[in-house]
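Me: I have a model open here and would like to go through it piece by piece. Could you help me read it?

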Amino acid sequence: MTETADDVFVLGGEKFGSRLIMGTGGAPSLEVLDQALEASGTELTTVAMRRLDPASRGSVLDLLRARRIKVLPNTAGCFTAGEAVLTARLAREALETDWVKLEVIADERTLLPDPIETFDAAERLVADGFVVLPYIGDDPALARRLEQAGCAAVMPLGSPIGSGLGIRNPHSIELIVEAATVPVILDAGIGTASDAALAMELGCDAVLLASAVTRARRPDLMAAAMRSAVESGRLARQAGRIPRRRYAEASSPARPA
Amino acid sequence: MRVVVNGGPFELPDGATVSHAVRALTPLTSGVAVAVNGEVVSRGAWDSTPLAESDLVEVLTAVQGG
């Protein structure tokens with residue numbers, strides 16, 4: 001771990017100055033999204049692939065291009081490995097990137113990732129030359145298997161997408177971090193700044209969030225808060241927190257002379 | 001001939017290619033990808049890939065998400 005001011009985040013062989021990866025879903029308008037992205041300082045941001053609507057105006061792609069933010073297509077909305085592989089290939093064609101946030105969900109109600117379909121898709125996409133960033137449950141065994149399969153990172157959830165419940169199982173996130181040799185990106189469930197800071201304190205390399213910012217009353221302010229939280233959490237991780245104690249430990253000398 | 005574009009019925013002249021279907025929806029070419037019957041057709045092949053009766057054409061682009 002580098003403990004310097006220029007603490008660079010390396011993902012898929014590329015360097016990033018920001019450890020905050022943004023999603024673009026949920027923003028009330030492209031203008032609001034643009035302000036939030038600027039305030040977040042993000043250098044990598046997800047988009048979804050959908051049927052082209054001839055009536056829609058304005059493009060999230062133009063916005064990302066203007067801000068020189070690298071685009072990360074996702075496979076949101078896919079329920080099977082086959083759908084996810086096709087969506088990733090379409091994204092590669094449309095966006096000229098072989099990076100993909102692999103997201104294969106099990107059901108609409110929880111949006112929890114399907115581990116079997118996700119693993120199947122990951123193997124096929126790695127074989128097809130993609131830089132695969134899989135969204136998974138907080139499962140250390142699956143994280144290890146995906147890393148062995150050649151994924152460029154693992155992205156465990158803190159809690160369900162859009163729930164804002166934060167990190168429900170910090171112990172599992174720590175176990176994933178301890179074992180991983182690829183970056184661990186906390187993805188989904190972040191509700192507010194302290195959740196993002198906790199993710200970094202637990203040793204995650206980056207945080208991916210969308211709703212917490214785009215659905216906040218003031219997305220630009222929350223984006224700035226998240227940026228600070230990720231930086232603070234990272235610094236705290238590098239600094240090394242003091243142990244938790246059951247009783248007090250005086251910080252002043254024991255007695256007045 | 002009648003094909004299906006993004007889930008809806010679509011009338012195209014016989015001999016029409018993937019390019020015809022895309023141009024009917026959008027003047028854009030960048031940021032757009034096409035699958036015909038579940039297989040990606042790369043941009044360079046749009047002009048030379050003919051469509052057939054009942055083909056399922058999907059024309060996708062990036063939107064806000066994730």
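Me: Which residues of α4(A) are buried?
Reply: This is a predicted model, and in it the buried residues of α4(A) are A:E117, A:T118, A:F119, A:A121, A:A122 and A:L125.

Me: And what do those buried residues pack against?
Reply: The buried residues of α4(A) pack against α3 (81-95), β6 (99-102), β7 (131-136) and α5 (140-148), which belong to chain A.

Me: Why does the length of α4(A) agree with what a helix should span?
Reply: Helix α4 of chain A, residues 115-127, has 13 residues and should span 18 Å at 1.5 Å a residue, and because its end C-alpha atoms are 18 Å apart, the two values agree.

Me: What comes after the helix, at A:G129?
Reply: A:G129 follows α4(A) and has a positive phi, near 90 degrees.

Me: Let's go to the sheet with β6, β7 and β8 of chain A; what is the strand order, and is the pairing parallel or antiparallel?
Reply: The three strands form an open sheet in the order β6-β7-β8, and the pairing is parallel. The edge strands are β6 and β8 (155-156) of chain A, each of which pairs on one side only. Between β6(A) and β7(A) there are four bridges in the parallel sense, and A:W99 stands opposite A:V131 in β7(A).

Me: Where does α4(A) touch that sheet?
Reply: α4(A) packs on the sheet by touching β6 and β7 of chain A, and its direction makes about 175 degrees with that of β7(A).

Me: Changing topic: which residues have the most contacts inside the largest nonpolar core?
Reply: They are A:C204, A:V207 and A:M226, in a core of 100 residues. The largest share of this core comes from α3(A), with nine residues.

Me: What is A:V207 in contact with, leaving aside its neighbours within four places in sequence?
Reply: Its contacts include A:R19, A:L20 and A:I21, then A:I185, A:L186 and A:I190, and also A:A196, A:A199, A:M200 and A:V230.

Me: Now the two chains: how many residues are in contact?
Reply: On chain B 20 residues are in contact with 27 residues of chain A. On the side of chain B that touches chain A, β3 (32-36) and β5 (56-64) each supply at least two residues, and β5(B) gives the most, with seven. That side of chain B divides into nine nonpolar, nine polar and two charged residues.

Me: Which strand of chain A pairs with β5(B), and in what sense?
Reply: Strand β4 of chain A, residues 44-51, pairs with β5(B) in the antiparallel sense over five bridges, and the bridge partner of A:A48 in β5(B) is B:V63.

Note on methods. Residues numbered from 1 in each chain as written. Chains lettered and ligands numbered in written order. Predicted model: local features only at pLDDT ≥ 70, side-chain atom pairs only at ≥ 80, totals over all residues. Contact = placed C-beta atoms within 7 Å. Nonpolar A, V, L, I, M, F, W, Y, C, P; charged D, E, K, R; others polar. Pairing = 2+ DSSP bridges. Expected span 1.5 Å × (residues − 1). Buried ≥ 20, exposed ≤ 12 C-beta atoms within 10 Å, placed from the backbone. Core = buried A, V, L, I, M, F, W, Y, C linked by C-beta atoms within 7 Å. Axes fitted to C-alpha atoms, helices over the stretch in contact; angles between N-to-C directions.
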